[in-house]
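Please examine the structure below. The explanation that follows takes up its charged pairs, its core and its pocket in turn.

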Amino acid sequence: MFYLNFKLLNKKVYFVLLPLLFLVLASCGNTEERAGAKKIAEENNERIENINTHLEKYEALEEDMMTALSNDLKDKNAEKIIRKKTGEVGENFKARKKELASIQKNMTKLKENQDTLLDYQAKKAVDMPETELENAIQTLKQLSITYDLFYSYYEKTVDAESEFYQNFSSDMKKEELAEAISLINISHGAAFQQLEVLSADLSSTAFAMTNLADVIKEKDKKTQ
């Protein structure tokens with residue numbers, strides 16, 4: 001007569017199911033990370049679009065700045081409106097600072113998202129597109145470096161302008177005025193050159209984010 005050894009059978013089933021259970025649990029965790037990476041990539045693209053909008057406004061204000069200063073210099077109350085920043089160039093100055101504050105806020109979030117992607121990468125999720133994730137992280141790192149350099153140049157423009165506005169006098173000699181304006185132009189020129197690099201890096205980062213999100217979307221379709 002044939003007898004089943006239920007104890008032995010249960011042990012075999014246990015050892016077969018246990019690895020499968022671990023595999024399922026691991027898969028769930030990896031899918032969660034993959035979904036998180038997709039969400040970050042899409043959010044980053046929204047923030048990059050927002051940054052580009054504010055940069056366009058900033059560039060427009062930059063182009064108008066010298067015209068605004070020229071108009072203020074011709075004003076009969078030139079010394080008062082320039083020193084107190086209540087004239088055209090003062091309003092332009094404040095508006096540029098406002099645009100940079102918005103850009104800074106978005107850049108801070110991009111850096112935070114970069115750290116999260118690095119955490120995902122360290123976990124080595126089996127269903128994470130490694131190449132696209134690495135490209136996304138590297139473009140974010142480069143963008144951060146480029147932006148920090150741009151911002152340092154921007155701060156120099158603020159310093160140059162602030163010193164000029166604070167010390168401006170209607171009695172300034174033409175040579176002194178020309179030298180002060182020349183220093184402002186030099187600082188703005190350096191910032192503008194770095195701004196062009198920043199724009200290029202923003203495009204590269206957006207491209208990398210789109211690739212990461214698209215690859216994950218394709219993986220999601222195959223697992224549905």
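**Salt bridges, core and pocket**

The count of salt bridges comes to 11 in this model, which is predicted. Side chains of opposite charge can pair when their charged atoms come close.

E42 counts as partly exposed because its relative accessibility is 30%, which falls between the limits of 20% and 50%. K217, with a relative accessible area of 35%, is likewise partly exposed. A network of salt bridges links R34, D127 and D220.

The largest nonpolar core comprises 47 residues, and those with the most contacts inside it are I82, L117, F164 and L198. Helices α1 (6-74), α2 (78-83), α3 (88-122), α4 and α5 each supply at least two residues of this core, and α4 gives the most, with 12 residues. Leaving aside residues up to four places away in sequence, L198 touches L55, L143, T146, Y147 and F150.

The largest pocket holds about 180 Å³ of space. Its lining includes F164, N167, F168 and E179, and by class it has 7 nonpolar, 1 polar and 2 charged residues. Helices α4 (130-167) and α5 (174-223) each supply at least two residues of this lining.

How values were computed:
Residues are numbered from 1 along each chain as its sequence is written. This is a predicted model: local features need pLDDT of at least 70, side-chain atom pairs count only at pLDDT 80 or more; totals for chains, interfaces and linings use all residues. Side-chain values use heavy atoms; hydrogens and water are left out. On a 1 Å grid over the protein atoms alone, a cavity is a set of points where a 1.4 Å probe fits but cannot get out, and a pocket is an open set with protein on both sides within 12 Å along at least five of seven lines; lining residues have an atom within 4 Å of a point. Grid points are joined across faces, edges and corners, and a volume is the space filled by probe spheres set on the points. Helices (H or I, at least four residues) and strands (E, at least two) are DSSP runs, numbered from the N terminus. Ala, Val, Leu, Ile, Met, Phe, Trp, Tyr, Cys and Pro count as nonpolar, Asp, Glu, Lys and Arg as charged, and the others, Gly among them, as polar. A nonpolar core is a set of buried Ala, Val, Leu, Ile, Met, Phe, Trp, Tyr and Cys residues joined through side-chain atoms within 4.5 Å. Buried means under 20% relative accessible area, exposed over 50%, partly exposed in between (1.4 Å probe, protein chains only). Contact means heavy atoms within 4.5 Å. A salt bridge is a side-chain nitrogen of Lys or Arg within 4 Å of a carboxyl oxygen of Asp or Glu.
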